[in-house]
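I put down what I looked up, in the order I looked it up.

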Amino acid sequence: MSQLFPGAVVEPVELAETKGMVCIRTASESDVESLSVYFTGLSTTSRSKRFMGARTDLSVVAAECVAKSDRLDHFTLLAELRQEGHGRIIGEARYAYDAAVRHGEFAISVADAFQRMGLGLQMMTAMETRAVDLGHEMIAAETARTNAEMRGLAKKAGFRDTGLGDWQSVHLAKRLSR
Ligand SMILES: CC(C)(COP(=O)(O)OP(=O)(O)OC[C@H]1O[C@@H](n2cnc3c(N)ncnc32)[C@H](O)[C@@H]1OP(=O)(O)O)[C@@H](O)C(=O)NCCC(=O)NCCS
């Protein structure tokens, strides 16, 4: 995709607010440590929204995110900010296909300082494109009813409430088309 950003899954973009290029790429095993640092750096609120509860074993979570990177239908996309030759993770989206129910499930987060700049939507679009390429027809996520940002992002990305949630959570899904 880009010679400057090997592994980029969409054309790298320059966000005016970040003073650097943001590259969305697939995570690999070499990203475990920086992904763990990223999860640790999220605010308590964002982290608990991302994992729908408290998680303290963040290096384990980071390792899980890349553990099945050899499986095409399980992947993690990273948004990496490149400034002065250094890379820093500022967002991630985890996707896993469940063959039993025939849809992909995902979870996503963007570093607090970089939220509301369009990165979440860009990662969702990149993730959906990958899912379509894999032949997947449906993508879904669960989030807390009180999570206005995730519900807003999902709505903007074309998801609908399936009604399968409970009093605490909402289940969102989107049919993918080529
Ligand atoms: C949800 C999250 C990933 C959104 O990422 P983001 O990069 O801030 O989202 P974007 O900038 O791409 O926003 C896209 C749209 O989402 C909606 N949105 C984003 N933040 C919102 C907020 N705080 N309130 C309401 N809607 C919001 C808006 O429709 C927005 O479009 P607009 O800016 O043109 O109005 C981010 O808020 C986050 O990391 N939250 C904590 C973790 C989490 O809740 N993860 C979801 C659990 S799976």
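I number residues from 1 along each chain as its sequence is written. The model is predicted, so I keep in mind that local features need pLDDT of at least 70, that side-chain atom pairs count only at pLDDT 80 or more, and that totals for chains, interfaces and linings use all residues.

Entry 1, the chain.
I looked up the secondary structure and found five helices and eight strands. Read from the N terminus, the order is β-β-α-α-α-β-β-β-α-β-α-β-β. Along the principal axes, the C-alpha atoms fill a box of roughly 45 × 35 × 30 Å.

I then looked up burial. A residue is buried if 20 or more other C-beta atoms lie within 10 Å of its own, exposed if 12 or fewer, and partly exposed in between, with C-beta atoms placed from the backbone. Buried residues are 30% of the 178 in the chain. For contacts, the C-beta atoms of two residues, placed from the backbone, must lie within 7 Å. Of the contacts with a separation of 6 or more, 55% join residues 24 or more positions apart.

The ligand is surrounded by 23 residues, and the closest are Lys49, Gln115, Gly120, Leu121 and Gly152. Which element gives the largest share of this shell? It is H5, with six residues. At least two residues each come from helix H2 (44–51), strand E5 (103–110), helix H4 (119–133), strand E6 (138–144) and helix H5 (148–156).

I asked which residues of H5 are buried. They are Met150, Leu153 and Ala154. These cover an arc of only 95° around the axis, so they are on the same side of H5; the arc is that of the directions from the helix axis to the C-beta atoms. The cover over them includes H2, H4, E6 and strand E8 (169–175). Ala148, Gly152, Lys155 and Lys156 are exposed, on the face turned away from the buried side. Just after H5, Gly158 has a positive phi of about 95°.

Seven of the 10 residues of E3 (residues 74–83) are buried, so the strand is largely enclosed by the rest of the structure. I looked up its partners; two strands pair if DSSP finds at least two bridges between them. E3 runs antiparallel to E2 (residues 20–26), with six bridges, and Arg25 has Leu78 of E3 as its bridge partner. E3 also pairs with E4 (residues 86–98) in the antiparallel sense, over 10 bridges. There, Thr76 is bridged to Arg94. The hairpin of E3 and E4 has two residues between the strands, and Glu84 takes a positive phi near 50° in it.

Arg82 is in strand E3. Is Arg82 buried or partly exposed? Arg82 is partly exposed, because 17 other C-beta atoms lie within 10 Å. Arg82 and Met21 are 61 residues apart in sequence, yet 5.3 Å apart in space, C-alpha to C-alpha. Beyond its neighbours within four places in sequence, Arg82 contacts Gly20, Met21, Cys23 and Gly87.

Conventions:
A residue is near a molecule or strand if its C-beta atom, placed from the backbone, lies within 6 Å of it. Helices (H or I, at least four residues) and strands (E, at least two) are DSSP runs, numbered from the N terminus.
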